[in-house]
Amino acid sequence: MDLDAFTAVRQSSWARLDELSRRRVADGAEADEMVRLYQSVATDLSTIRSTAPDPDTITRLSQLLARARSRIAGSHEPTWRDARRFLVVSLPAALYRIRWWTVAVMVACTAVAVLAGWWVATNPDALAAMGTPTERQAYVDDAFASYYDPGLGFAGVVWTNNAWIAALCIGIGISGIGPLYVLAQNAVNVGAIGGMMAAHDSLDLFLQLIAPHGLLELTSIFVAGAAGLRLFWTWIDPQGRPRTRALAQEGRSLITVAIGLVGALALSGLVEGFVTGSSLPWWLKIVIGALALAAFWTYTIVLGRRAARDGETGDLDEDAAGYAVATAA
């Protein structure tokens, strides 16, 4: 097909639809005309895509049709159906896609934390770097446990701080170094505190106070780190896609993960705010934390596998994401 000739013939219809879509339609006749032109231009776009896929023309007509569709159908209002789709399909699909990245990050961070804890617990110089003997003893005897002050305010502060760390891991993921730095720093800090507690024969207290909320909280941070590193790897290896398109697709999916982690971290914040520092038996606290973690992984694996089988990735649908120009493999 001669695209220039086709454009010359159809240009007047495109211009008229553009005109109608940019102003208030005066009467029913103009509304009917807009619908007819919308259908005609949609057919033109389909023809161009299949016979002469010029990127500029496709982008132009896609934008024109999107604007006209908005005028004809009205702007989209979020509904409970959208929320349900996000929670049941998009979010679990996005989490499921990075599950092995999450496991790898979890194993690596756990190893770093254990190594840091062992080093502080067995090396006098490393232990001395944690503070003076008096400061360390005061932290072990009082400050560590008193930090977990039950209440909604404390839960809110914890939630905000952890959500910021998770967003940071994803937001700077394209750098590769950023998520690694945040994850390593977090693992070393947790391990070092555990090592100091172990050196003062209080490792059991450390584990009792970390485990209830930490199981889900740290897993959420691992997921965020995995999402950031996945974005970086997409930049390295776009898997046959144009790099910009691959980054856009992966980025949208990982924003889905970031939004979902707000909920997971809110739950861990509630556990930390109302369970960790409570008077409940320590074993019950840990059971509550384990149940929260089990719920997260069950949600990810069961719903995520189902969504993945249906071809879902956590990305936006085609209308919301925009048209991607076909390219040769």
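Reply: Start with Phe144: it counts as buried, with a relative accessibility of 4% (buried is under 20% relative accessible area, exposed is over 50% and partly exposed is in between, using a 1.4 Å probe and protein chains only). Keep in mind that this is a predicted model, where local features need pLDDT of at least 70 and side-chain atom pairs count only at pLDDT 80 or more, while totals for chains, interfaces and linings use all residues. Residues are numbered from 1 along each chain as its sequence is written, and side-chain values use heavy atoms, with hydrogens and water left out.

Now for the rings. The count comes to 8 aromatic pairs (rings of Phe, Tyr and Trp, taking the six-membered ring of Trp, pair if their centres lie within 6.5 Å; planes under 30 degrees apart are stacked, over 60 edge-to-face, the rest tilted). Phe144 and Tyr148 make an edge-to-face pair, because their planes stand at 80°, with ring centres 5.8 Å apart. Tyr148 is buried too, at 7% relative accessible area. Compare that with Phe232 and Trp235: their planes are at 35° and their centres 6.2 Å apart, so this pair is tilted. Both sit in helix α10 (residues 203–236), 3 residues apart, or about one turn of the helix (helices are DSSP runs of H or I with at least four residues, strands are E runs of at least two, numbered from the N terminus). Phe232 is partly exposed at 23%, and Trp235 is partly exposed at 41%. Back with Phe144, ring pairs join it to Tyr139, Tyr147, Tyr148 and Phe206 in a cluster.

Arg99 lies over the face of Tyr96, 3.8 Å from the ring centre (NZ of Lys or CZ of Arg must be within 6 Å of the centre and within 35 degrees of the ring normal).

Next, the charged side chains. There are 9 salt bridges (a side-chain nitrogen of Lys or Arg within 4 Å of a carboxyl oxygen of Asp or Glu). One of them joins Arg10 and Asp44, whose closest N and O atoms are 2.8 Å apart. This pair links distant parts of the chain, 34 residues apart: Arg10 is in helix α1 (residues 3–21) and Asp44 in helix α2 (residues 28–51). Asp44 is buried, at 6% relative accessibility. Another bridge runs from Arg67 to Asp18, at 2.4 Å from N to O. Here Arg67 in helix α3 (residues 55–73) links to Asp18 in α1, 49 residues away. Arg67 is partly exposed at 27%, as is Asp18 at 24%. Then there's Glu312 with Arg85, 3.0 Å from N to O. Glu312 lies in the loop between α12 (282–309) and α13 (318–321) and Arg85 in helix α4 (residues 80–97), so this pair ties together parts 227 residues apart in sequence. Salt bridges also link Arg16, Glu19, Glu30 and Glu33 into a network.

One last stop is α1 itself. Its buried residues include Phe6, Arg10, Trp14 and Leu17, and α2 and α3 are among what covers the buried residues of α1.

How values were computed. Contact means heavy atoms within 4.5 Å.
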